[in-house]
Amino acid sequence: MEYKTVKYHIPQQGIYLYARTNEGKTEMIVLNSTDQEQTLPSEHYNALTNGRKTGTEIASGKQVDFTRNLVLPARQSLVIEF
């Protein structure tokens with residue numbers, strides 16, 4: 001499977017964020033590299049969601065509301081598909 005990286009954001013407060021697309025679907029990957037829980041403001045990742053309001057976290061199947069800030073546990077990652 002070949003992915004194309006759509007956009008990569010400069011890390012802020014130890015949070016890395018990028019998105020990749022394949023066959024019309026986008027995956028947004030969010031990594032918290034710190035030892036503390038972090039909150040990522042929705043304004044920071046809205047450019048990657050292309051106006052979509054929700055996505056699905058791959059690992060849990062839970063819906064993610066893109067209109068709200070993301071809370072990231074310490075040293076954790078999220079992969080959200082939309």
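Predicted model: local features only at pLDDT ≥ 70, side-chain atom pairs only at ≥ 80, totals over all residues.
**Surface.** I began with the accessible area: the protein chain exposes about 5,300 Å², and carbon and sulfur atoms supply 46% of that. Then I looked up burial, and 34% of the 82 residues in the protein chain count as buried.

**Layout.** I went through the secondary structure next and found eight strands and one helix. Along the sequence I read the order as β-β-β-β-α-β-β-β-β. I also checked contacts in the protein chain with a separation of 6 or more: 48% of them are accounted for by residues 24 or more positions apart.

**Helix H1.** H1 covers residues 42-49, and I wanted to know which of its residues are buried. I got Ser42, His44, Tyr45, Leu48 and Thr49. Looking down the axis of H1, I see these buried residues fall within an arc of 145°, so they line one face of the helix. What comes after H1? I found Asn50 there, with a positive phi near 50°.

Last stop was the pairing of S2 (residues 15-22) with S3 (residues 25-32). Parallel or antiparallel? I noted the antiparallel sense, over eight bridges.

Conventions
Residues numbered from 1 in each chain as written. Heavy atoms only, no water. Helix = DSSP H or I, 4+ residues; strand = E, 2+ residues; numbered from the N terminus. Buried < 20%, exposed > 50% of the residue type's maximum accessible area, 1.4 Å probe, protein only. Contact = heavy atoms within 4.5 Å. Areas by Shrake-Rupley, 256 points an atom, 1.4 Å probe, with all protein chains shown as cover. Arc of directions from axis to C-beta. Pairing = 2+ DSSP bridges.
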